Amino acid sequence: MTDLAPAAIAKKLQAIAVQMGFTIKRTSRSLYVKDGEDFCATLVNVHGRVMATPDSVGSTLLTLVDCRELLATIGELGAGDVVIANEASSSGGVATHLADLHVIAPYYAGDVLVGYGLAFIHSSDIGGRVPSSISPFNTDVFQEGLQLPPVKLVRAGVLNDDVDQIIRINNRTPDANAADIRAMLAALHVGRAGVAELVERYGVDRYLAAQDALEQHSIARARELVSALPAGRRVFSDFLDDDGISPYPVRYQVALTVQEDGGLAVDFTGTDVQVPAAFNIVSRGRPQPMTTGRIRSALVTLDPTFDADGGHTQILSVTAPEGTVVNAVRPAAVGVRHGSAVRVSDTIGGAFVQLAPQIMPVAGSGVVIPVVVSEQDGHGRGSQVITRLFGGFGAAHGLDGHDGKDNSYSNLASSPMESSEAELDVHVLRYGLRPDSGGPGRWRGGMGRELSFRIDADGTQVLARGLERFVFRP
């Protein structure tokens with residue numbers, strides 16, 4: 001008789017991850033997190049790979065990370081321990097820029113390790129040279145804010161006040177940031193309780209066996225989907241207009257090769273060297289959401305039921321020369337790594353369209369623009385994101401492009417304008433779709449968004465990161 005436990009456990013794990021995500025959404029305080037949903041929570045197996053991510057809340061794609069190097073760096077963790085980290089190199093590439101605070105906690109059944117809970121939130125500020133910490137003009141990571149290598153935020157269930165105070169004093173929005181961190185801790189608690197219930201129901205051995213079965217199923221299904229694509233090598237290149245410091249464009253090149261065993265080789269050879277600006281990605285030369293996330297999206301396009309876990313990364317072989325903008329080395333600035341990630345996504349999309357032209361959408365707007373307002377307050381300057389602006393999806397065969405969403409990393413929610421007006425001294429005049437802004441055709445491209453607002457407080461600064469595609473159109 002077939003053991004139905006893995007399938008049942010997979011559904012439960014997905015539900016637990018959703019509960020963890022909504023815990024962060026409902027208990028956080030900053031606009032970045034509670035409204036923009038720039039967070040995620042997930043469950044990780046004993047090997048350090050993601051088992052389940054929420055499919056309906058938070059930034060699901062960014063948590064498909066490989067935690068093995070991070071866990072090896074940390075060493076053994078006890079029950080009730082929680083580690084926090086935000087620095088890319090020392091976290092093994094789990095953290096991608098300083099604004100994303102990651103926490104990870106072990107889950108035990110008695111003395112047996114049965115997995116981990118992982119979560120991140122995008123902090124409204126983590127110190128550094130500018131309010132909101134992120135600027136394309138930062139030239140190294142030391143300008144970008146407080147760097148946290150993996151350290152214990154919680155020991156045996158007790159908050160480490162020293163670490164907590166270090167984070168608070170380096171932060172322009174300390175109260176909201178502290179609340180967001182505690183929202184993550186609450187999510188880890190929800191995950192721990194959910195896993196404990198599963199282990200009690202199925203037993204430790206069966207639960208651990210199900211982890212391996214789920215991963216193998218994901219690997220096998222990914223190989224089936226890739227094997228159905230035409231064999232051979234497809235190459236595509238794309239560019240950032242410039243790096244904000246020099247007038248020269250930044251080149252991204254990828255070659256996708258469908259292999260006989262259903263593997264997929266991803267080769268970034270030909271991509272430019274890391275830049276003296278904040279567009280660099282620390283990928284450690286491995287599959288990573290910022291560089292290969294579009295592949296998982298492509299697999300889901302091929303099969304909408306494809307598993308939302310990290311198993312598919314094991315069919316990918318990545319070549320990313322060290323010292324390039326997609327595999328940068330310390331102390332590269334990384335704050336606007338999403339600007340590169342969007343273009344990498346477009347580049348991989350250009351290669352995938354050649355493999356599956358009847359299914360894959362063509363290029364979207366290629367921009368993700370957080371609009372940040374920085375106001376003077378008791379801590380000098382606070383900052384909040386009003387919202388994020390996107391263009392539209394590219395069209396696909398038989399389908400118009402989605403409006404107000406980009407193909408790449410527009411997997412975040414739109415902040416309600418009422419919340420932005422309540423938190424900030426601004427008055428929103430218009431927020432909506434730009435009529436007729438999508439590319440015309442038999443199947444039109446998606447329309448972009450527009451935002452108009454009035455500033456009502458003296459000394460306010462406005463920042464809009466990711467303004468791109470003025471020179472190299474999609």
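The legends below describe close-up views of a predicted model. Residues are numbered from 1 along each chain as its sequence is written, and side-chain values use heavy atoms, with hydrogens and water left out. Because the model is predicted, local features need pLDDT of at least 70 and side-chain atom pairs count only at pLDDT 80 or more, while totals for chains, interfaces and linings use all residues.

**View 1. The aromatic pair of Phe239 and Phe472.**
A search of the whole structure finds 1 aromatic pair, where rings of Phe, Tyr and Trp (its six-membered ring) pair if their centres lie within 6.5 Å, and planes under 30 degrees apart count as stacked, over 60 as edge-to-face and the rest as tilted. Phe239 and Phe472 form this pair, which is stacked, at 4.8 Å centre to centre and with 20° between the planes. Phe239 belongs to strand 8 (residues 232-240) and Phe472 to the segment after strand 16 (461-464), so the pair ties together parts that are 233 residues apart in sequence. Helices (H or I, at least four residues) and strands (E, at least two) are DSSP runs, numbered from the N terminus. Phe239 is partly exposed at 23% relative accessibility, and Phe472 is partly exposed at 26%; buried means under 20% relative accessible area, exposed over 50%, and partly exposed in between (1.4 Å probe, protein chains only).

**View 2. The packing of helix 1 with helix 5.**
Helix 1 (residues 5-27) and helix 5 (residues 174-202) pack at an angle of about 160°, with their axes 8 Å apart; axes are lines fitted to C-alpha atoms, for helices over the stretch in contact, and angles run from 0 to 180 degrees between N-to-C directions. The two helices are therefore roughly antiparallel to each other, a term for angles over 145 degrees, whereas those under 35 count as roughly parallel, 65 to 115 as roughly perpendicular and the rest as oblique.

**View 3. The cis peptide bond between Arg330 and Pro331.**
Arg330 and Pro331 are joined by a cis peptide bond, with omega about 10°. Pro331 is placed in the loop between strand 11 (316-319) and helix 8 (337-355).

**View 4. Positive phi at Ser133 and at Arg284.**
Ser133, a residue other than glycine, has a positive phi near 75°; Ser133 is found in the loop between strand 5 (112-122) and strand 6 (151-155), and counts as buried at 2% relative accessibility. Arg284 has a positive phi near 60° and lies in the loop between strand 10 (264-267) and helix 7 (289-302), where Arg284 is partly exposed, with a relative accessible area of 34%.
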